[in-house]
Amino acid sequence: FFEHSKECDSKVLDQYSDYPLNMALLSDYERAEVFGFGGNRDNEYYLNLQSSLLSFFEKLIEKHNIDYIIYENISNSFAYFSSFVGHRLGIPYLGVTSSRVPGYFVTDSYVDYESKKIQKSFGNIVLDDKVEIDFINSYLENLDNIVPDGIVGGNHSNLSLTSRYFNKRKILNLLISTKFIFSNTKDSYLIGSPFSLLLSSFKRSLLRKFKAKLLVKIYHNQLPDKPYFLYPLQFHPESSTSVRASNFLNELEVIRNIAFNLPNNTCLFVKDHPSSFGYPTISFYKQIARLPNVCLVDPFYDTKALIKGSCGVVTLTSTVGYEALLLSKRVLLFGSTFYEFHRNVTKFTTYENVREVLMSFEAERGSDSSISEYNRKFVAAYIRSSYKGVLNFDVNSEGFNSFCELSYGALKDSLSKFKYD
């Protein structure tokens with residue numbers, strides 16, 4: 001797409017002056033930082049990138065008379081910029097992504113699309129179907145043992161380099177990528193050099209394997225017997241943070257601010273992420289462990305047990321926040337996510353008044369007698385805003401064709417109701 005604009009087209013940028021073009025670059029900038037490419041890019045490069053992306057999608061849509069943009073939830077700048085162009089031209093952007101309720105998936109679009117869709121459904125909820133009520137009750141009663149489809153089968157917690165890298169698929173990718181060793185990949189802004197990216201990924205996983213052994217000594221073995229709040233670390237780089245919590249990417253800074261705003265005689269349990277433990281630097285973990293009234297918790301500690309024993313959860317966008325709500329806990333939220341309208345969520349865009357909110361969490365702990373019925377309606381609204389089926393993007397699997405049929409039906413239904421707010 002750089003071919004469409006060798007130099008920055010200021011007229012195109014002016015047409016999109018109301019759109020957050022700089023913010024839309026953050027997800028891929030973070031990815032480039034993590035994997036060590038993009039170091040030779042300057043301000044001119046990024047301005048040219050913005051105008052090139054916008055021009056590319058405008059010309060593509062015009063040339064092929066495109067009516068819809070179909071992908072996944074907005075997870076990178078390529079998707080972000082296509083959605084900007086779609087919005088300006090009145091073309092819907094939609095994608096499919098996993099639901100936290102097993103056996104379901106959702107359609108998603110702009111950042112708060114899913115939340116608004118569920119909230120609208122929630123306002124019309126009447127629970128009078130016995131099958132639906134039984135399913136919801138069973139789901140809530142068995143929440144301790146339920147794992148969302150998007151997490152089942154993930155291998156990020158597996159530290160084995162042999163299984164992750166020494167397999168037919170990765171070796172084939174490596175062989176294919178060798179043809180780019182001496183290529184100029186400056187314009188390949190999403191991944192840089194494919195060969196270098198694979199090496200960087202392997203190096204990152206190798207270092208993680210060594211760091212994981214050191215972390216055993218940094219995690220707190222004895223958790224204090226005092227009131228606590230729970231903060232789950234999140235995966236980086238990932239759209240759940242770089243797109244949906246872009247102002248709070250520095251989790252060390254977030255944790256530090258929470259730690260020094262804790263109510264007296266309470267502490268903060270920071271639970272490491274089971275799929276990304278060991279990726280951050282050892283210094284990152286040591287700085288967290290040194291903070292007053294902060295305990296760094298092993299990633300495989302029972303999360304549901306920690307939620308139940310807490311005064312509340314503080315999170316960017318984690319699924320732990322959703323689970324906490326269903327377990328009748330209050331949530332302090334810094335990002336944008338599908339459960340943000342829930343009445344037990346307090347959303348923050350700054351750190352102002354954090355201490356007062358945490359004090360209210362502690363004081364009002366367990367005092368909401370009507371929350372069970374509210375949560376049943378909330379889950380019902382979530383399910384009614386979802387579609388039955390298991391997300392499957394593996395073209396070689398048996399279930400891929402059936403998933404394509406399901407997703408086609410879901411997208412068709414969602415497009416019939418779609419409108420930009």
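Visitor: So how do α12 and α13 lie relative to each other, parallel or perpendicular?
Guide: Keep in mind that this is a predicted model. The axes of α12 (residues 251-259) and α13 cross at roughly 5° and come within 10 Å. The two helices are therefore roughly parallel to each other, since angles under 35 degrees count that way.

Visitor: Which residues make that contact?
Guide: On the α12 side you have Leu 252, Ile 255 and Arg 256, and α13 brings in Phe 284, Gln 287 and Ile 288. Sorted by class, the contact of α12 with α13 has four nonpolar residues, one polar and one charged.

Visitor: While we're around α13, where does Asn 293 sit?
Guide: Asn 293 is in the loop between α13 (282-290) and β6 (294-297). It's one to look at in a backbone check: Asn 293 is not a glycine, yet its phi is positive, about 65°. Most residues other than glycine have a negative phi.

Visitor: And the peptide bonds, which residues does a cis one join?
Guide: His 236 and Pro 237 are joined by a cis peptide bond, with omega at about -10°. For context, most peptide bonds are trans. Pro 237 belongs to the loop between β4 (228-232) and α11 (239-242).

Visitor: Back to helices. At what angle do α6 and α17 pack?
Guide: About 120°, with the axes 8 Å apart; α6 covers residues 113-122 and α17 covers residues 371-384. That angle makes α6 oblique to α17. As for handedness, α6 passes α17 in a right-handed crossing.

Visitor: What does each helix put into that contact?
Guide: From α6 come Glu 114, Ile 118, Ser 121 and Phe 122. From α17 come Tyr 374, Lys 377, Phe 378, Ala 381, Tyr 382 and Arg 384. The contact of α6 with α17 splits into six nonpolar residues, one polar and three charged.

Visitor: How about α9 and α10, what angle do they pack at?
Guide: Helix α9 (residues 168-177) and helix α10 (residues 194-215) pack at about 140°, and their axes are 8 Å apart. That makes α9 oblique to α10, because the roughly antiparallel class only takes angles over 145 degrees.

Visitor: Left-handed or right-handed crossing there?
Guide: Left-handed, as α9 passes α10. Asn 173, Leu 174 and Ser 177 in α9 meet Pro 194, Phe 195 and Leu 198 in α10. The residues of this contact of α9 with α10 are four nonpolar, two polar and no charged.

Visitor: New topic: how many cavities of 30 Å³ or more turn up?
Guide: Three cavities of 30 Å³ or more are counted. The largest cavity holds about 40 Å³ of space.

Visitor: Which residues line the largest cavity?
Guide: Its lining is Leu 25, Asp 28, Tyr 29, Arg 41, Tyr 46, Leu 49, Ser 77 and Tyr 189.

Definitions and conventions. Residues are numbered from 1 along each chain as its sequence is written. This is a predicted model: local features need pLDDT of at least 70, side-chain atom pairs count only at pLDDT 80 or more; totals for chains, interfaces and linings use all residues. Side-chain values use heavy atoms; hydrogens and water are left out. On a 1 Å grid over the protein atoms alone, a cavity is a set of points where a 1.4 Å probe fits but cannot get out, and a pocket is an open set with protein on both sides within 12 Å along at least five of seven lines; lining residues have an atom within 4 Å of a point. Grid points are joined across faces, edges and corners, and a volume is the space filled by probe spheres set on the points. Axes are lines fitted to C-alpha atoms, for helices over the stretch in contact, and angles run from 0 to 180 degrees between N-to-C directions. Helices (H or I, at least four residues) and strands (E, at least two) are DSSP runs, numbered from the N terminus. Angles under 35 degrees count as roughly parallel, over 145 as roughly antiparallel, 65 to 115 as roughly perpendicular and the rest as oblique. A crossing is left-handed if the near helix is turned anticlockwise from the far one by less than a right angle, and right-handed if clockwise. Contact means heavy atoms within 4.5 Å. Ala, Val, Leu, Ile, Met, Phe, Trp, Tyr, Cys and Pro count as nonpolar, Asp, Glu, Lys and Arg as charged, and the others, Gly among them, as polar.
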